[in-house]
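Morning, everyone. Please have a look at the structure on the screen, and then we'll walk through it together.

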Amino acid sequence: MFILGGATSHAKTLGDTLRESKWDRIIGTWVDPETKGQNRKVTYTWKVKDHAILATSAAFGTNSVAIMGRNAKDGTLFHVGTDSKGTSVLGKWTFKSGVAVLELAFVTGDGVEGVMKIRYTKKDDNTLVVSIEGLTPQPIVYTLVKVKTVTKAPESGSKPPSDPKRR
């Protein structure tokens, strides 16, 4: 007897694809080093672990949000989003060991349609070189660095209030 959802095989996930391609370190916040994120900032956060990434960004006063996921039927890694100027994007990602490429079709808030390609190249684990191609005759190239998460060290000699020895 066949029951829907009864399959026991493990489908490949977005997380699997990122780990295999060594792009799982994209998770986190990336900023332009010159202004420490005032001009360009992008954050990739798991919203559904291994299945959906929320990408939020701010660049020169324009805020955007997108979701990344994986089509389970054909394996396409999709990207869909919009920004504060009404531009919408629909595209797909390809990840290889040192390069990630996001190919996008877009429609501006004024109805102008176009295509572009954003190429991310790893300089090292904490530095990306970004190349935006197709919007201008020459690619727009800039660098992003990963913001390190700072964990506050506990104050020396202090004990948590719930510690029974403090009472």
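How much space lies in the largest cavity? About 60 Å³. Before I go on, some ground rules. This is a predicted model, where local features need pLDDT of at least 70, side-chain atom pairs count only at pLDDT 80 or more, and totals for chains, interfaces and linings use all residues. Residues are numbered from 1 along each chain as its sequence is written, and side-chain values use heavy atoms, with hydrogens and water left out.

Back to the cavity. On a 1 Å grid over the protein atoms alone, a cavity is a set of points where a 1.4 Å probe fits but cannot get out. A pocket is an open set with protein on both sides within 12 Å along at least five of seven lines, and lining residues have an atom within 4 Å of a point. Points are joined across faces, edges and corners, and a volume is the space filled by probe spheres set on them. The model has one cavity of 30 Å³ or more. Its lining is K22, W23, R25, I26, W30, K122, D124, D125 and L128. That splits into four nonpolar, no polar and five charged. Here Ala, Val, Leu, Ile, Met, Phe, Trp, Tyr, Cys and Pro count as nonpolar, Asp, Glu, Lys and Arg as charged, and the others, Gly among them, as polar.

Now the largest pocket. Its volume is about 920 Å³. It has 34 lining residues, and S57, A59, S64, M116 and I118 lie nearest the centre. By class, 21 are nonpolar, nine polar and four charged. Which strand gives the largest share of this lining? β3, with five residues. Strands (E, at least two residues) and helices (H or I, at least four) are DSSP runs, numbered from the N terminus. Strands that each supply at least two lining residues include β2 (40-48), β4 (62-70) and β8 (113-124).

Next, salt bridges. Side chains of opposite charge can pair when their charged atoms come close. The rule is a side-chain nitrogen of Lys or Arg within 4 Å of a carboxyl oxygen of Asp or Glu. That gives five here. Take R19 and D50, which meet at 2.9 Å, N to O. R19 sits in helix α1 (residues 14-20) and D50 in the loop between β2 and β3, so this pair ties together parts 31 residues apart in sequence. Buried or exposed, what is D50? Buried, because its relative accessibility is 19%. The cut-offs are under 20% relative accessible area for buried, over 50% for exposed, and partly exposed in between (1.4 Å probe, protein chains only). R19, at 36%, is partly exposed. D16 joins R19 and D50 in a network of salt bridges.

R25 and D125 came up in the cavity lining. They also form a salt bridge, with the closest N and O atoms 3.9 Å apart. R25 lies in the loop between α1 and β1 (28-31), D125 in the loop between β8 and β9, 100 residues apart. E20 and K12 make another bridge, at 2.9 Å between the closest N and O atoms. E20 is exposed, because its relative accessibility is 55%.

Last stop, the surface. F78, V80 and L90 make a nonpolar patch of about 250 Å². Patch residues have over 30% relative accessible area and no salt bridge; like charges are joined within 9 Å, nonpolar side chains (Val, Leu, Ile, Met, Phe, Trp, Tyr) within 5 Å. Areas come from the Shrake-Rupley method with a 1.4 Å probe, and for residues only the protein chains shown count as cover. F78 is in strand β5 (residues 77-83), and is partly exposed at 31%.
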